[in-house]
Structures are given as structure tokens and as C-alpha cells.
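Subject: Structure handover

Hello,

The structure we discussed is below. My notes on it follow.

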Amino acid sequence: TCVCVFDQSVGYLIGRENKGLKHMFTFMNLARLGTGMQGIGTMELALQNSVPYTRERMSMRALSGVKDRDKAGDRIIWHPDIRRMLLTQKALGEGGRCLMYRLGKLSDYFFSAKDEKAAGRVEDEMGLYTPILKGFLTEVSQEAAYYGMQVYGGHGYIKEWGMEQIARDARISTQYEGTTGVQALDLIGRKILTSRPPLKLLTGYVREILQFCAANASDQRMLPFVV
């Protein structure tokens, strides 16, 4: 990031006078979604850099028995703690991507809405998603980045592998375009408690999840995820 100095600069009015804050949130919300996408990219990058290393690095023998019999040790991808970290990176990244896809669908619904009332409902739902995507995805991107460093052991902290760069990039994403605390205030204060009636957006969101679970309860492939 950088410091911008605007001393002796000329300012120009954009939009209507005294409506600047409202106009600002138009592009600020878009920037927040972009930062959430950065969180997804961070998680994916951490995973892609972690997996190849764990498939090559050998250390000790797996607790479940010898895996690489022709080698002096087993590849560390066989070790439970390594698998836990890789699967956490994968789950967070794929889950975050699904959330972003959902918001993309809502955006399409918004632009294809047949009237202002329908567009307003979709816009409200998009507003509920925005602080969740920005706040949550950037926070868990740090976890994925730290796991990426961890699988490398002691030398995951040095510049040679690039894992520490991913961790630093993940850290700043929780701060700009509104810190995680600001996203929490936005979610609770502006999107949940002040909706009319109160909790309308939240209960609608929870209802949609429960309806999905009920609709897929008999699907044996989905059973582990909806029970």
C-alpha cells in the first residue's frame, strides 16, 4: 500500500452536493466485494503453493502405516496435521467462491428485475452479503495463508518460497475498504437491526438455507452436508 498526498490539489464535485456519503457507498460496496475476491485469491494461492511441496517433502512415517516404502520417509501429505491444514485451505477457498457466485447471481437478478420493488428486494439481499463477504473472506484468508507457511515448516517464513508474501497480502485485506470491525457494525447495525421489520433480512437468509437443506435431505450424496 502507499501514502497519497493531496496538498495543493484541485477538487471537483462528483454527483449532487451534500450527497457525497451516499455516492461514496456506491463504489465502496463494489470495492468491498473486490477485496472479498482478493481473500478468495489469497486462499487459492496459498493452497496451490502448499500442495506441491507436501507431495515432495518427506519426513518420518505416517501414523496410518508406511506409505512410500521405497523412500527413507513418507511424504508429509500423508501426515494428519498436514492434511488438516490443506483441507481447511481448500474448504475455505471453495466455500468463499460459492458465496461470491451467489452474489454474482443476485447481481444478474438485480439488473434483470422487471420493477423497482423486485430490484429493491435483491439489492437488500446483496447488501446483507457484502459485509459478510468482505469481513469473513479476508479474515479466513489469513488462516489459509498461515497454514501455507506452516506446511513448509521453519523455512516457510523466508522469502525464497513466497509464502510470507501471501501472508502479508492477506493481512492488509482485513484493513482497507473498511476494517473487519466496520463490516461487523454495518452488518448488525445497518443490515440486520434496522431492516423493516427488524431481522427481516437475516431470517430470510436463514430460511433459504433451511429450505435448501430440507429439499436435499433425501439425496444420499448431500446427506453428510445437510444433517
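Is the crossing of α1 and α2 left-handed or right-handed? The crossing is left-handed, a term used when the near helix is turned anticlockwise from the far one by less than a right angle, with right-handed used if clockwise.

Before the rest, some conventions. This is a predicted model, in which local features need pLDDT of at least 70, side-chain atom pairs count only at pLDDT 80 or more, and totals for chains, interfaces and linings use all residues. Residues are numbered from 1 along each chain as its sequence is written, and side-chain values use heavy atoms, with hydrogens and water left out.

Overall: the protein has 7 helices and 0 strands (DSSP runs numbered from the N terminus, helices being H or I of at least four residues and strands E of at least two). The C-alpha trace spans about 75 × 60 × 30 Å along its principal axes. Buried residues make up 33% of the 227 (buried is under 20% relative accessible area, exposed over 50%, partly exposed in between, with a 1.4 Å probe and protein chains only).

The helix pair: the axes of α1 and helix α2 (residues 80–111) come within 9 Å and cross at roughly 150 degrees, which makes α1 roughly antiparallel to α2. Axes are lines fitted to C-alpha atoms, for helices over the stretch in contact, and angles run from 0 to 180 degrees between N-to-C directions. Angles over 145 degrees count as roughly antiparallel, under 35 as roughly parallel, 65 to 115 as roughly perpendicular and the rest as oblique. Among the residues that meet are Leu-33, Ile-40 and Leu-47 in α1, and Leu-86, Leu-92 and Met-100 in α2 (contact means heavy atoms within 4.5 Å).

Glu-56 is placed in helix α1 (residues 20–56). Glu-56 is exposed, at a relative accessible area of 62%. Its C-alpha atom is separated by 6.1 Å from that of Arg-75, 19 residues apart along the chain.

Trp-78 sits in the loop between α1 and α2 and counts as partly exposed, at 29% relative accessibility. Neighbours within four places in sequence aside, Trp-78 is in contact with Ala-62, Lys-67, Asp-68 and Arg-83.

Regards
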